[in-house]
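Visitor: I have a chain open on my screen and would like to talk it through with you. Could we go piece by piece?

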Amino acid sequence: MPDEHSGKGDTPANFRPVLIEMDRQIGRLMDGLKRLGIDEKTLVIFASDNGALPTFRGARSGGFRGSKLSLYEGGIRLPLIARWPGHVVSNRVDTSTVFAAVDVLPSLCVLAQASLPTDAALDGRDLSAALLGRSVAPRAQPLFWEYGRNATAFNYPAGRDRSPNLAVRDGKWKLLVNDDGAGAELYNLEQDPAETTNLATSESAVTQHLREAVLRSE
């Protein structure tokens, strides 16, 4: 795999065979659903792995900062496609709903009309309405991430844009900070999704509130 900083290597050629095979296999799946007559009874969700690496100067991360091995948006934000004829609104793009991996189980349970155990304490919420193309209320609880605290097990590649090892998203705000409380970076993702302007100093009250929340969640 060519290094994205070297400018060497035919990048499209490296990925083209993988994409062609992926497209072929997904096509086989969709054809099989139609052939079995269960196309309109099947919800298909397609999502990528977290973060691209290499990003080829941001071309594979949608212009977002960072990459895999990072808690910047380029490392944790990913595309998701839902298809369910007669249920999911086609040709609709949702750029506002914050849908995380912890939301998958409760959302699918609602769509499948499957009951959760009465004592289940889930971190996620039912966002099935968003999958069906309807608006949902903003999240009431923040989301938390941790990556890279162990510098030996998670040895970050030299030259990459390394993020702090903890992150919290609460509404429009996202704070990144190290587990010792240092290195705080605060971003308004509604206005600055590329995380270019650190507001940790100018929005000190927000920074302190989110720092306490993410350190408390460890």
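Visitor: Which residues are buried in helix 3 (residues 104–111)?

Guide: This is a predicted model, and in helix 3 of that model the buried residues are P106, S107, C109 and L111.

Visitor: What covers the buried residues of helix 3?

Guide: The cover over those buried residues includes helix 4, which runs over residues 128–131.

Visitor: And what follows helix 3?

Guide: Helix 3 is followed by Q113, a residue whose phi is positive, near 55 degrees.

Visitor: Let me step back to the whole chain. How many helices and strands are there?

Guide: The chain has five helices and six strands, and along the sequence they come in the pattern α-β-α-β-α-α-β-β-β-β-α. Its C-alpha atoms fill a box of roughly 55 × 50 × 35 Å along the principal axes, and buried residues make up 33% of the 218 residues.

Visitor: What about the surface, how much of that belongs to carbon and sulfur atoms?

Guide: The accessible surface of the chain comes to about 13500 Å², and 53% of that belongs to carbon and sulfur atoms.

Visitor: Now helix 5. Which of its residues are buried?

Guide: In helix 5 the buried residues are V206, T207, L210, A213 and V214. Seen down the helix axis, these buried residues fall within an arc of 135 degrees, so they line one face of helix 5. In general, an α-helix has 3.6 residues a turn, so residues three or four places apart point the same way.

Visitor: Which exposed residues sit on the face turned away from that buried side?

Guide: That face of helix 5 carries the exposed residues A205 and R216. As for the buried side, what covers the buried residues there includes strand 3 (143–146), strand 4 (166–170), strand 5 (173–177) and strand 6 (185–188).

Visitor: What span should helix 5 have?

Guide: At 1.5 Å a residue, the 13 residues of helix 5 (residues 204–216) should span 18 Å, and because the C-alpha atoms at its ends are 18 Å apart, the two values agree.

Visitor: One more topic: S70. Where does it lie, and is it buried or exposed?

Guide: S70 lies in the loop between strand 1 (44–47) and helix 2 (73–76). Its relative accessibility is 4%, so S70 counts as buried, the cut-off being under 20%.

Visitor: What does the side chain of S70 reach?

Guide: The S70 side chain reaches the backbone nitrogen of Y72 at 3.0 Å. Leaving aside residues up to four places away in sequence, S70 touches G75, I76, Y156, D161 and S163.

Conventions
Residues numbered from 1 in each chain as written. Predicted model: local features only at pLDDT ≥ 70, side-chain atom pairs only at ≥ 80, totals over all residues. Heavy atoms only, no water. Helix = DSSP H or I, 4+ residues; strand = E, 2+ residues; numbered from the N terminus. Expected span 1.5 Å × (residues − 1). Buried < 20%, exposed > 50% of the residue type's maximum accessible area, 1.4 Å probe, protein only. Arc of directions from axis to C-beta. Contact = heavy atoms within 4.5 Å. Polar contact = N/O pair within 3.5 Å; in protein donor to acceptor, adjacent residues only side chain to side chain. Areas by Shrake-Rupley, 256 points an atom, 1.4 Å probe, with all protein chains shown as cover.
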